Amino acid sequence: MSRLKGALVQTWPRIAIIAVIVAIWAAVYATGYWDTIQLPSPTSVWDALWSHLDGRDGLLALAYRSLLRLFVSLAVSIAVGTGIGLAMAASKVVQRSVGSLMVGLQALPSISWLPLAILWFGMSAKAILFVVVVGAVPAVAVATASSVRLVPPALVRAGRTLGASGLELYGKVVLPAAVPGYIAGLQQAWAIAWRALMAAELFVTGARGLGHFVAQAGEAFDTPLVLATMIVIMLCGIGVDLLFTLVDRRVRRRRGLLVPS
Amino acid sequence: MSSSPVLRVVTETAPVSPKLTLRGVSKGYVQSSGERVEAVANVSLDIAPGEFVCLIGPSGCGKSTLLNMIAGLDRPDAGEVLMDGAPVTGPGPDRAVLFQEPALFPWMSVVENVGFALGFVGTPKRERRERAMFWLEKVHLSAFANAQPHELSPGMRQRAALARSLVCQPEVLLADEPFGALDAQSREVLQHELQSVWLETRNTFVFVTHNVREAVFLADRVVLMSARPGSFLAEHRISSPRPRAFEDVLLSKVVVDVHDSLLKEVEKVVEAEGSARSDLA
């Protein structure tokens, strides 16, 4: 019973915000100020969503393709970025050289790599993956390095006096202690990767995905379908975020870092 | 009749090689302002095996610096720190350290924390838990073996940290104001616990505090340090038999003595700060 009540308490604000937005949207649509191509009605978007949901080129299949691309590129970015980040945390020289390069790359919108990526890899999924990885690697690297640097010195000191040194100190004290900060960093990295992926898919015609679908629908002036696809992109994002949030909460609860609400 | 004092002189001068030796140790730091501060100046001290020494002095007198150097976390700028006659080059399992913050690892259960050090001395996994449980029982925490550190009270955390530092059976226990952040009751419980651990192990304990009562209650010898740069001013030997109680009348007399000399040192610090302030004005 209390569990049901808890779920209700958590859910009603989410439903309320959707209801408010749809209500405003319907009201503005009803004034007739914009024509239906500029601002389609909520019901037409709803219809577009349902009619394009399944099938080989349906929204679900496209969402699956895009999410798969996200997870592949995220896995590569995490592997590469974590390695670079650990090296940055371990060595001042690496921090000053590679570290500043990473900060510089972070300031660059990853979509600006697309022209070069297309020249190197053609109008293909490879070009998209490159753009996503080149955007996410610096985020992962910087987050890894800062999470290691923010490990409480008291824990490291305790580890040293208890006999840990060198790589063992790193593996058994520093890295486990850095995990909460690292997860928070990954939460930023996936969002960067997801946005880069959608943007790259918009431009690259050789690979189907949600982003490409938005572009196609836009060219056909099918604005209900544009909005329907945007909603699917948002829902995918909320889903992935939920995954990371669950891991994050688990780690924090175990360590007593979760403020009970 | 006359033979007994002679005998006593002989036993007292019998050469016992010290467990720990500080010889002309100095250490300074460069502050973030770029100013260099001398924390400890030319300190020499011998600590006998099995002796319980308390270092006491005004805050900022370099007590912790000294302890860190014995722990091997810090190197002296001049002089040397010896253990059993050999120079200390880094931290080691023979010297356990208890800090003011328990610094338990939050990703491990209490029993995993206590057994942590055994992983570095090649103790098999199964035995690790047994030995950790043994020490948890000593500090009366066995009921909380599988709890996470954040589920314990501050006093319990510090007891777990004590068990963790003792698990490798170190010859020396170094403690840096370990009970300083605790409430009065937990503090008293821990002081008694530490006394019983010392009585049982008879290891060499070096304990930094600025609580005079605590120092006198625990120590064989209270060493008073001067204001910065820290050096040794005076020492009080406390021969009261153990186990001691806080109500011990003999102890309260020593507390008053030590307190008086400490107060004089603190006043010096205040005066120095005052004159420094008037210099600035």
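The secondary structure of chain A comprises 10 helices and zero strands, where helices (H or I, at least four residues) and strands (E, at least two) are DSSP runs numbered from the N terminus. Read from that terminus, the elements of chain A follow the order α-α-α-α-α-α-α-α-α-α. The structure is a predicted model, in which local features need pLDDT of at least 70 and side-chain atom pairs count only at pLDDT 80 or more, while totals for chains, interfaces and linings use all residues. Residues are numbered from 1 along each chain as its sequence is written, and chains are lettered from A and ligands numbered from 1 in the order in which they are written. The model scores ipTM 0.82 and pTM 0.83.

Along the principal axes, the C-alpha atoms of chain A fill a box of roughly 70 × 60 × 35 Å. Of the 261 residues of this chain, 33% count as buried; a residue is termed buried if 20 or more other C-beta atoms lie within 10 Å of its own, exposed if 12 or fewer, and partly exposed in between, with C-beta atoms placed from the backbone. Among contacts in chain A between residues at least 6 apart in sequence, 70% join residues at least 24 apart, two residues being in contact if their C-beta atoms, placed from the backbone, lie within 7 Å. Chain A is divided into domain 1 (1-33) and domain 2 (40-255), with bounds that come from an automatic or database domain assignment, and the C-alpha centres of domain 1 of chain A and domain 2 of chain A are 29 Å apart.

The contact between the chains draws on 14 residues from chain A and 19 residues from chain B. On the side of chain A that touches chain B, helix 7 (153-161), helix 8 (166-203) and helix 10 (223-255) of chain A each supply at least two residues, and the largest share, six residues, comes from helix 7 of chain A. By residue class, this side of chain A divides into six nonpolar, three polar and five charged residues; here Ala, Val, Leu, Ile, Met, Phe, Trp, Tyr, Cys and Pro count as nonpolar, Asp, Glu, Lys and Arg as charged, and the others, Gly among them, as polar.

For chain B, the domain assignment gives domain 1 (19-94 + 173-265) and domain 2 (103-169), and the C-alpha centres of these domains of chain B lie 25 Å apart. In the contact between them, 11 residues of domain 1 of chain B meet 12 residues of domain 2 of chain B. Helix 6 (residues 184-201) of chain B gives the most to the domain 1 side, with five residues, and the residues of that side divide into nine nonpolar, one polar and one charged.

The mean pLDDT of chain B is 86, and 93% of its residues reach 70 or more, pLDDT being the predictor's confidence in each residue, from 0 to 100. Within chain B, confidence is lowest in helix 1 (residues 3-13), at a mean of 46, and highest in helix 3 (residues 110-115), at 96. Over residues 1-12 of chain B the pLDDT is below 50, and this stretch has zero contacts in the model beyond near neighbours in sequence. Where pLDDT is low, the predicted coordinates should not be read in detail.

In chain B, four strands form an open antiparallel sheet in the order 2-1-4-5, two strands being taken to pair if DSSP finds at least two bridges between them. Strand 2 (36-47) and strand 5 (86-87) of chain B stand at the edges with a single partner strand each, so one side of each is left without a neighbour in the sheet. Strand 1 (residues 20-30) of chain B pairs with strand 2 of chain B in the antiparallel sense over eight bridges, and Tyr29(B) stands opposite Val37(B) in strand 2 of chain B. The hairpin of these two strands has five residues between them, and Gly34(B) in this hairpin takes a positive phi near 95°. Strand 1 of chain B is also joined by five bridges to strand 4 (residues 78-83) of chain B, in an antiparallel arrangement, and Thr21(B) stands opposite Leu82(B) in strand 4 of chain B.

Some local backbone features of chain B lie in its loops. The peptide bond from Arg242(B) to Pro243(B) is cis, with omega near -5°, and Pro243(B) is found in the loop between strand 10 (232-237) and helix 8 (249-280) of chain B. Gln169(B), in the loop between helix 5 (154-166) and strand 7 (172-176) of chain B, has a positive phi near 50° although this residue is other than glycine; Gln169(B) counts as partly exposed because 13 C-beta neighbours lie inside 10 Å. Arg202(B), in the loop between helix 6 and strand 8 (204-209) of chain B, has a positive phi near 55°, again in a residue other than glycine, and with 12 C-beta neighbours inside 10 Å Arg202(B) counts as exposed.
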